[in-house]
Each structure stands twice: as C-alpha cells, then as structure tokens.
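The sequence and the model are shown first.

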Amino acid sequence: MGRMSELVLAVVFAGVPFLVYGMSSGIFTGKTEEITLVRDGNPAVTIVLGAEPTKAAQLAAFELRHHVKLITGAELPIVREPAAVEGARVLVGESAATRELGLDNESFKTQEYLIGFLPDTLVLMGRDKDDSGKVFYLGENPQDHATWPSQWDDRGTLDATYDFLEKYLGVRWFNPSEVGTVVPELRTITVSGSEERLEPFMKYRGGTFDWAPMYTQNIQLWRTNSEGYQKYQQKAFPSAMKDGKYDQSREMAFNQLFLLRSRVGGERSLCNHSMYDYYERFWEDMGDPQKYRKFEGKRPEFFAKGYQGKPNQLCYTSPELIEQLTADARAYFDDGGYPNPPGCGHHVGYMWGERFFAIEPMDGGGFCRCERCQKLINQQSKAGSQSNPHFYFVNEVAKNLAQTHPDKKISTLAYGNHEEVPDKVKLDTNVAVHFCFHQNRLVYNTAEYKEQIENLKAWRGESDRDLYLWLYYTFPKEIADNGKFYCFPGFFAHAIGEQFKLFKQLGIKGIFHCGYGQEVEAYVTNKLMVDPTLDVDDMLNDYFTGLYGKAGKPLKEMYDFIEEAYCNPASYPPHFAGHQKVHIAWTNLGTAERVDKIEALMKDAEKLAETDIEKDRVELWKLSIFDYIKTGREKFVERMKAPIPNMTVPRVAEAGGDPVKVEWAKAAPLGGPWFERGGATPSKRKFSGRIAHDGQYLYLELIDPVPLDRLNASPMVFCYDDWEVFLGSTRAIPYRQYAVGPEGLHVALSHGEEQWQMNFKMNEYKMNVDIDQNQKDKWVTKLAWPLDSVLPTPVKPGDSLFMNIIRVTNPEVNGKGLGIDTWISHCTVHEVDRLAELKLEN
C-alpha cells in the first residue's frame with residue numbers, strides 16, 4: 001500500500017482501502033518508489049495516453065488533471081503517443097509505453113486495475129472496453145456526459161485513477177452537488193508506493209439510482225414535484241440555472257460523474273418481474289405495435305388455471321411454457337439481447353446482462369391451481385409456499401439452456417412467497433438467485449428482520465451459486481410518497497455496516513438497490529459495495545468533518561439522534577411490525593420534542609460553518625433534511641386539527657341482508673368531496689355513496705361514474721380495480737379490510753385480531769355483494785354485512801363503529817399511475833386513527 005509525503009499526510013481523511021486481489025505483474029519489484037506530481041505549484045509530471053486511448057483512459061486523464069488542479073492550482077499536461085516526454089510521467093491506460101512494460105488490456109480481468117510505481121513513472125491502468133470514441137470533459141455543453149464511458153463498461157483505468165485520487169491525494173466525493181467534492185490544499189504533491197492490483201468486492205453495483213436522471217430523486221426525501229425538491233436542486237446545481245430556467249441535463253452530468261467516481265456499475269446482472277409481455281404475446285392482441293409486443297397467438301396452456309378472465313400468473317409447471325421460455329432465453333443470447341423495443345418495460349439489448357436472462361413471475365398472487373402446481377405447493381410456509389413450483393420452473397429452463405449455452409445463466413428472485421430455498425427441487429449451478437431482503441431498512445422489526453437474515457443464510461448453505469441481493473432503501477420514503485405524507489427519515493448507516501459484514505461472509509456478488517436514500521446512506525453503501533471491510537464510524541466522521549468542518553459536529557449528532565430514534569424498536573408501538581404511516585412518523589418518531597432538538601442542532605451547525613463553501617454545504621443539509629422534517633411535523637399538526645367526520649346511520653326497513661332490497665332513498669349520503677391519496681387535496685374524480693342499517697345488517701352503496709368496460713377485474717381483487725372498506729370498533733388496531741372488485745369478487749383481511757398479525761386473510765366471513773350490471777356507464781356496488789360478524793365483536797343499534805373507504809383505480813382510468821382516492825381526508829390505507837365515526841340509529 002502506498003503513502004503520501006508528510007506535507008500531504010497532514011490533510012488526508014480517513015483511509016479508504018480496497019480489498020487487494022490479483023498477482024504481481026512481475027515488473028514491479030516490491031520496492032517503494034517515489035514520484036512528485038507537482039512541486040511548488042508547478043507541474044512536475046506529464047500525463048501520457050496511448051495513440052488511440054479508450055474512453056475510460058481519456059476521462060481518467062481529464063479527471064486526474066482536474067483534481068490535481070483543484071488541490072494545487074497546477075494544470076498537468078496531457079499528451080498522446082508518440083509525443084516525446086521529458087522527465088516523470090503518469091501512464092494512463094494502455095499505450096506503447098505500458099506494452100513495453102508487459103502491460104496491456106488483456107493483462108487484466110474484467111473490473112481489475114493497477115496502481116503501480118516505477119522510477120519516475122506512475123502507472124494507472126486496468127481492463128477497459130475497446131471504445132476509443134472522443135471524450136469531452138464537463139464543460140459548457142450539457143451533453144458532454146454522453147461521450148463518457150457507461151458505468152456498465154469495463155473501465156479499469158478510470159477506477160484506478162479514482163482509487164489513486166482517494167488514497168494518495170485525499171480526494172473525497174461525498175455527493176454529486178457542485179460543492180460535494182472535498183480536496184486538500186497543497187503546493188507540492190509527492191506520493192510513493194509499489195504495486196496494487198485491485199478489483200471491487202461486488203461485481204454488480206446498481207439499482208434504481210444508477211441512471212443519472214434518477215440519482216437526485218433517489219437520495220432525496222422530497223417528492224420530485226415539490227417546492228422543497230426544487231429548492232434543493234437549484235442550490236445543489238447552480239450552474240444548471242440559466243436565464244431563469246433549470247437545465248436538467250446539467251444535473252445529469254454531475255450525477256453521471258458522481259456515479260463513475262463512486263464506482264457504481266460493474267457487470268450488469270439485473271433481475272426483475274420479466275414475463276408481463278406474455279399477456280401481449282400469448283393472451284390477447286393489444287393492438288398498437290408502438291406500445292405492445294406483437295401478438296403471436298392465443299396460448300391458454302401458458303396461463304394459471306382455476307380463474308375467471310385474465311389470470312394474474314402463468315402455469316409454472318406447464319411443459320409448453322417451459323419450452324417457450326427456453327426458446328426466448330436462447331434467442332436473447334443469440335440476438336444480442338432484445339432486438340426491438342418490446343412492451344412491458346423491456347429495453348433493447350442485454351437488459352438483464354450479457355451472461356444473464358431473467359425469469360421472474362408477475363408481482364402479487366393468483367398462482368396456478370392445476371394439479372401439477374398444487375402438488376408442489378408448501379402449505380405450511382408463508383415465505384416458501386411457492387418456492388417449489390417457482391424454482392422447478394426456473395430450473396427446467398436453466399437445464400435446457402445449459403445444453404446450448406453452457407456459459408450463460410438464468411437469474412431469478414427469491415421473493416415473497418418463493419423467498420425460501422425449495423425443498424423438492426435441486427437447482428442447477430447456472431441459476432443465479434437474487435434474494436429480496438425487504439426488511440433491510442426495517443431493522444426495528446426485530447423478529448421479521450432476523451427471520452429474513454436466516455432465510456438469506458440458508459441460500460448460501462444451499463450451494464456456492466451466484467447469490468445477489470435486492471435491497472429496499474426505498475422505504476420509508478416510497479410509503480410516504482404513495483400516501484402523500486412526510487416520513488420520519490430512516491437513517492440506518494450503522495445497520496448497513498453490520499449487514500455488509502454478513503454480505504462479505506456470504507460472498508454476495510452484487511446488489512440491486514430499490515431506492516437509495518438518503519445521501520449519507522448512499523455514500524456509505526457506495527463504499528461498502530467496493531470494500532465491505534471499511535468501518536462505518538470512520539466513514540461517517542470522514543463525511544461530516546470533510547464536508548462541514550466544525551459544523552459537522554452538530555450535524556453528526558443530528559444524524560445519530562435521528563438514526564437512534566428510527567432504528568430503536570422502543571420508538572414504536574408494542575407489536576408494531578410494518579412500515580411507517582403518518583401517525584407513526586410524527587406521533588412516535590418525529591415528536592415535538594425530537595423535532596425541537598433537531599432544530600437546535602441545525603441552528604448550531606449554521607453558526608459553526610466558517611467558510612462560504614461550508615455554509616453552502618450546511619444550507620444543502622438544511623434544505624434536504626431539516627426543512628423536510630420541519631415541514632412534515634407542521635403538516636402532521638395540520639392533519640390532526642382537520643375535522644374527522646361523524647354521522648348517524650339511519651335505520652331502514654329490514655332487507656334480510658339483500659342490498660338490492662334496501663330503501664336506499666332513506667339511506668344517508670356519504671357526502672364529499674373525496675380526497676387524493678388520503679391527503680387534503682379533493683379528488684379530481686367524483687365518487688358518491690349511501691349508508692344504512694336495518695338492525696341486522698349494515699348496508700353500503702358505492703358509485704364510481706366510470707363505464708364498466710374500462711375496469712380491470714383482478715382474480716385476487718387487489719390491487720385494482722376495487723373498493724376497500726376499512727372498519728373498526730375503535731380508531732386503532734385491530735380492524736378489518738373488506739375489498740370488492742368490479743365482477744363481485746371479494747376478500748377480507750384482518751389486521752391485529754390474531755396475535756397482532758396484519759394482513760391476515762379471513763377464510764370465513766359474511767358479506768353480500770351486488771354489482772349492477774344494467775348500468776354500464778357507471779360502477780354501482782351494493783354491500784351488506786351482518787352486524788353480529790362485521791367486526792370481531794357484535795355491533796347493535798345505538799353502537800358506534802369507525803370507517804374509511806378507498807377507491808383504487810387502474811392507471812388507464814386514473815390517467816397517471818395508480819389512483820387512490822379516500823372518503824376521509826388525511827387518511828389513507830391502514831391509517832385508522834382518523835376513521836369516521838358511524839353511530840347506528842336505534
């Protein structure tokens with residue numbers, strides 16, 4: 001390992017060592033050599049590129065020159081062979097000079113690179129993609145970043161340069177903003193070392209954030225269309241503001257550069273739900289070829305049995321389906337990935353990776369009920385009930401593929417009801433498994449968290465196959481965004497450190513991150529994917545001291561304070577084991593006392609910031625973290641002040657539980673407006689309803705003025721289209737959730753009735769449903785529940801019960817994404833603290 005001169009050592013931050021791999025190239029003797037890059041503010045070396053350097057080498061040379069200039073003010077010259085060079089040199093990428101030393105591109109494995117010291121020579125090179133297109137550095141043209149190598153390209157020379165800048169020159173890239181880079185201030189740079197051959201620990205390092213336009217969105221708490229988000233953007237990327245308009249491409253360039261500097265990317269090995277296009281290809285002709293895959297013919301044998309209408313899943317023991325998937329996999333590899341832009345989210349080219357083809361069913365339930373599939377189901381396991389049929393299916397395709405493409409792999413998820421290792425199927429080694437660790441950020445859910453870790457360990461115990469992860473950094477932000485509320489930040493850096501120790505032990509090959517917030521978690525995780533032996537406390541001290549100077553102390557205290565509140569199970573109600581809802585966020589976590597302390601620490605940081613750049617960085621923290629928390633608390637107080645409806649439910653003549661026979665003219669109207677996503681904004685669509693009881697039954701009529709032929713009927717009722725009625729005897733757990741779809745299918749779930757279990761499917765319940773098929777221009781649903789069984793304890797006239805109603809609408813009808821409209825304001829799915837009171841008339 002190298003060292004820096006005494007002058008430089010005084011300003012180096014916490015070390016960032018990589019795991020060291022590879023054998024010595026033989027030209028380096030192990031003797032420490034010293035080289036001076038800058039002396040007294042003047043260049044002392046020349047950067048040398050080959051005659052036709054790769055994109056990775058070109059960008060590496062620009063980055064080296066740029067950062068040396070930031071540190072010293074000196075601008076190192078860059079030349080291409082065969083230009084003559086006098087004095088010391090830095091060889092960047094393959095060139096005639098490196099070939100004379102016995103080093104060329106083929107000397108390195110994929111993602112491997114070298115930092116080597118020889119007399120008067122520093123070598124920075126590695127395995128690069130063979131692409132010598134011209135590279136433009138970050139300048140006035142916002143599209144310069146389009147000339148840079150992709151994070152999925154081999155770019156060993158660029159990684160060698162970044163590693164050198166971090167370890168030998170003390171450079172840090174803490175975030176992609178224009179003030180997110182920290183460098184020492186020096187007049188002379190002298191470095192010394194021998195040889196390091198290195199490669200990142202994880203070979204795949206990606207997620208929803210790895211596309212440059214998405215990075216800022218993934219690390220921010222704010223919703224992208226909010227004023228808070230826009231304020232952060234404009235402060236983080238001021239050069240993107242031109243003539244009063246924000247140039248998104250400029251932000252993209254900074255994000256792309258940050259992703260490369262953070263070593264995000266590697267070998268693409270993506271896996272996700274992959275077979276939605278089978279409905280377009282083999283269920284029905286969707287028409288528009290610009291939006292959908294070409295219809296190849298009706299193949300009912302491919303699809304799940306035992307359901308009316310379009311099933312949610314395929315039949316995963318169907319020999320014909322296995323044959324078709326085998327053909328699809330072979331064509332994918334033979335044709336260079338997907339040749340044309342198909343529908344359902346597939347992309348042209350090697351979408352899943354050059355060595356991988358993904359097979360993963362549709363999300364949700366509705367699995368096949370045929371005899372073959374039923375024999376494989378494990379009825380005793382929740383997380384493994386579908387493991388045998390799922391992995392049987394995947395394994396059959398993998399065995400077929402191995403006959404023609406022995407060097408390729410099938411990738412699939414261990415997810416939901418097929419999370420556990422199958423007990424009736426022995427998987428081939430060419431199956432790569434991506435374990436979906438959805439509890440990774442829910443560390444306060446102690447029992448479920450530990451259970452998932454044991455299931456993950458079992459997969460490594462199953463074999464030494466390629467094992468990858470899905471991690472869900474998206475929580476709690478995604479839950480808050482969907483529910484249109486503000487979450488309490490889910491800081492958990494120390495838990496990340498403990499998790500990566502396990503990931504290293506299990507030999508995890510890579511991670512797909514679903515979501516990536518927030519900034520501190522992103523920084524720590526980027527580092528640990530490359531080297532999981534790093535110490536989290538060292539990195540946090542590095543981060544807060546490096547970015548904020550003296551102001552880093554109160555900001556670090558704020559981070560630790562929020563992290564402790566979020567991760568500690570004692571912060572939550574007894575038996576709580578789910579995601580944040582608004583009342584958890586601000587009654588249990590973001591209490592008035594906690595927010596007051598956070599505000600005091602924010603003020604301390606603002607006072608302690610000394611330089612202009614430190615003040616800018618503190619302001620970014622305030623905009624990104626504190627202002628979000630403050631706003632969330634204020635919105636919650638506003639929510640609690642909003643009135644909660646209460647109404648008397650009129651008693652009508654007995655209808656015997658038949659909702660069609662009710663005297664609806666005497667029922668009470670539910671009133672309006674309804675509200676978008678359980679917030680305070682009135683719904684754009686108009687809903688109506690009426691409610692009554694007859695002493696024996698509770699009756700509810702719901703009307704959505706949408707034509708019946710525009711509705712989607714799911715065989716599992718959820719997730720759309722449906723009406724969901726939440727009923728409780730109090731505004732707390734336990735409560736029940738009744739859902740009904742447009743064809744009259746219905747389902748009931750209990751929450752908290754049996755040993756505090758949530759989402760417990762009720763097999764025995766009573767609910768009568770009528771869908772008026774004569775009114776084609778609107779969806780009219782009439783429901784009836786016996787008062788003695790609608791809730792766990794009987795309800796009688798004179799009693800009160802509590803209710804909210806949610807309409808979940810398919811994206812086509814809603815116009816933009818999934819529609820969620822609620823009868824009660826500030827009250828969405830599973831938020832029972834604001835249920836309306838219904839008093840049954842005597």
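In helix α5, the buried residues are A212, P213, Y215, T216, N218 and I219. Here buried means under 20% relative accessible area, exposed means over 50%, and partly exposed lies in between, with a 1.4 Å probe and protein chains only. Helix α5 covers residues 212–219 and is mostly covered, as 6 of its 8 residues are buried. Helices are DSSP runs of H or I with at least four residues, strands are runs of E with at least two, and both are numbered from the N terminus. The buried residues of α5 pack against α6 (227–236), α7 and α15 (519–530).

The model is predicted: local features need pLDDT of at least 70 and side-chain atom pairs count only at pLDDT 80 or more, whereas totals for chains, interfaces and linings use all residues. Residues are numbered from 1 along each chain as its sequence is written, and side-chain values use heavy atoms, with hydrogens and water left out.

Helix α7 contains Q256. The relative accessible area of Q256 is 9%, and Q256 is therefore buried. Apart from its neighbours within four places in sequence, Q256 is in contact (heavy atoms within 4.5 Å) with W148, P149, Q151 and A212. A212 is also one of the buried residues of α5. With Q151, the side chain of Q256 makes a side-chain polar contact at 3.0 Å. A polar contact is a pair of N or O atoms within 3.5 Å; within protein, one must be able to donate a hydrogen and the other to accept it, and residues adjacent in sequence count only if both atoms are side-chain atoms. From C-alpha to C-alpha, Q256 and P659 are 59 Å apart in space, and they are 403 residues apart in sequence.

L270 is located in the loop between β16 (265–266) and α8 (277–282). L270 has 14% relative accessibility and so counts as buried. Leaving aside neighbours within four places in sequence, the residues in contact with L270 are Y204, M351, W352, A358, S411, H434 and F512.

## Two helix pairs

Helix α7 (residues 248–261) also packs with helix α2 (residues 55–72), at an angle of about 95 degrees and with the axes 13 Å apart. Axes are lines fitted to C-alpha atoms, for helices over the stretch in contact, and angles run from 0 to 180 degrees between N-to-C directions. The two helices α2 and α7 are therefore roughly perpendicular to each other; angles under 35 degrees count as roughly parallel, over 145 as roughly antiparallel, 65 to 115 as roughly perpendicular and the rest as oblique. L59, E63, H66 and H67 of α2 make the contact with L257, L260 and R261 of α7. By class, these residues are 3 nonpolar, 2 polar and 2 charged. Ala, Val, Leu, Ile, Met, Phe, Trp, Tyr, Cys and Pro count as nonpolar, Asp, Glu, Lys and Arg as charged, and the others, Gly among them, as polar.

Helix α18 (residues 582–589) packs with helix α20 (residues 612–641) at an angle of about 105 degrees, and their axes are 10 Å apart. This makes α18 roughly perpendicular to α20. On α18 the contact involves V582, H583, W586 and T587, and on α20 it involves I629, G632, R633, F636 and R639. The contact of α18 with α20 has 4 nonpolar, 3 polar and 2 charged residues.

## Salt bridges

A salt bridge is a side-chain nitrogen of Lys or Arg within 4 Å of a carboxyl oxygen of Asp or Glu.

| Salt bridge | Closest N and O atoms |
|---|---|
| E371 and K375 | 3.6 Å |
| R685 and D704 | 2.6 Å |
| R807 and D721 | 3.0 Å |

E371 and K375 are 4 residues apart in helix α10 (residues 371–376), and are thus separated by about one helical turn. Both of these residues, E371 and K375, are exposed.

R685 forms its salt bridge with D704. R685 lies in the loop between β24 (675–676) and β25 (688–693) and D704 in strand β26 (residues 697–704), so this pair ties together parts 19 residues apart in sequence. R685 counts as buried at 18% relative accessibility, and D704 counts as buried at 0%.

R807 forms its salt bridge with D721. R807 belongs to strand β33 (residues 800–809) and D721 to the loop between β26 and β27 (722–728), so the pair ties together parts that are 86 residues apart in sequence. Both R807 and D721 are buried.

A network of salt bridges links D277, R281, E296 and D328.
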